[in-house]
Amino acid sequence: MMRRLAGLLCLFALAVGPVGAQPKLIFGVVPQQSPLKLYQNWQPVAEHLSEVTGREVVFETEKSIAEFETQLAKGRYDLAYMNPYHYVVAHEQQGYQARFRRAGKIRGILVSTRTAFNPEEPITRPVLFPSPNAFAATLLIKYELLAKQGVSLEYRNLVKYVNSHDSVYKGVARGVSDFGGGVERTFRTFDEGADKGKLHIVYRTDPYPSHPIAYHPRLAPSLQARFDQAWQTLPSSVMENLGFKRLLTVGDANYDSIRALRRHLSTAPIK
């Protein structure tokens with residue numbers, strides 16, 4: 001009987017692993033740029049979060065913004081850096097709570113090898129965008145071109161999705177399209193010299209609150225407090241690589257302006 005009990009205890013110990021072992025925490029980042037650039041910029045963040053919190057934090061991104069949306073909707077990430085529209089949806093679906101964002105607002109930009117955008121001149125080739133639900137780079141650009149300039153890209157089938165901000169910039173610079181949507185931060189950090197030198201920002205949208213860093217509610221309050229400390233002590237060199245000057249503390253109400261705008265945006269279903 002005792003041998004049988006001991007055997008069961010051994011099996012249980014093997015199943016649960018070492019005493020005190022804790023699961024890895026997943027930090028998700030929306031894939032605005034190439035996988036290599038994302039890893040170079042965000043892996044140091046994950047390492048800092050691990051060091052300060054005492055928990056292993058794993059950086060994850062996805063092959064596309066659409067796949068990131070899917071995983072976010074499932075609650076895969078324990079904490080995540082997402083666009084403002086993603087946040088509003090993720091808050092509804094999973095209860096994610098915004099905690100920080102970079103200082104400054106986000107603006108969508110239209111880039112071109114031309115030096116100006118004239119809404120009176122017809123757009124004859126599809127405009128490049130990262131993905132259907134990229135907030136400023138796609139949704140804001142399409143909304144403002146229609147609302148302020150009377151230019152309906154979707155009605156005229158003048159939209160092409162190319163997966164990331166960097167792909168937009170490269171495509172426009174290399175003559176794939178005359179215009180493309182992005183945001184100021186990713187354009188600043190776009191470091192393809194020959195391509196970037198060909199591009200001009202020809203339109204800027206109105207400003208909105210920038211991408212939040214949000215926590216899933218399954219994180220215990222004490223652990224959330226340790227993450228708060230980690231974000232507040234992020235090294236300046238790491239912040240510089242991200243294109244961040246400083247982080248601001250935020251809450252859910254800071255994104256009410258996105259909720260008000262949401263009904264005007266031409267969003268795609270998140271699967």
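Which side chains meet in a salt bridge at 3.5 Å, N to O? They are those of lysine 37 and aspartate 191; a salt bridge here is a side-chain nitrogen of Lys or Arg within 4 Å of a carboxyl oxygen of Asp or Glu. The model is predicted, with local features needing pLDDT of at least 70 and side-chain atom pairs counting only at pLDDT 80 or more, while totals for chains, interfaces and linings use all residues. Residues are numbered from 1 along each chain as its sequence is written, and side-chain values use heavy atoms, leaving out hydrogens and water.

**Whole chain**
- The chain has 11 helices and 13 strands, taken as DSSP runs (helices H or I, at least four residues; strands E, at least two) numbered from the N terminus.
- Its C-alpha atoms fill a box of roughly 85 × 35 × 35 Å along the principal axes.
- Of the 271 residues, 49% are buried (under 20% relative accessible area; exposed is over 50% and partly exposed is in between, with a 1.4 Å probe and protein chains only).

**Two domains**
- The domain assignment, which is automatic or from a database, gives domain 1 (25–104 + 210–263) and domain 2 (106–204).
- The contact (heavy atoms within 4.5 Å) takes 23 residues from domain 1 and 20 residues from domain 2.
- The C-alpha centres of the two domains lie 25 Å apart.
- About 1700 Å² is buried between domain 1 and domain 2, with carbon and sulfur atoms giving 52% of this area; buried area is the accessible area (1.4 Å probe) that two parts lose on being put together, summed over both.
- Two salt bridges are found across the interface of domain 1 and domain 2.
- Helices H3 (65–74), H4 (84–94) and H11 (256–262) each supply at least two residues of the side of domain 1 that touches domain 2.
- H4 gives the largest share of that side, three residues.

**Salt bridges**
- The count for salt bridges comes to 18.
- Aspartate 78 and arginine 218 meet in one of 2.8 Å, N to O.
- This pair links the loop between H3 and strand E3 (79–81) to the loop between strand E12 (212–215) and helix H9 (221–232), 140 residues apart.
- Aspartate 78 is buried at 7% relative accessible area, whereas arginine 218 is partly exposed at 43%.
- Aspartate 195 and arginine 174 also meet in a salt bridge, at 2.8 Å, N to O.
- Aspartate 195 lies in helix H8 (residues 193–196) and arginine 174 in the loop between H6 and E9, 21 residues apart.
- Aspartate 195 is buried at 6% relative accessibility, and arginine 174 is exposed at 53%.
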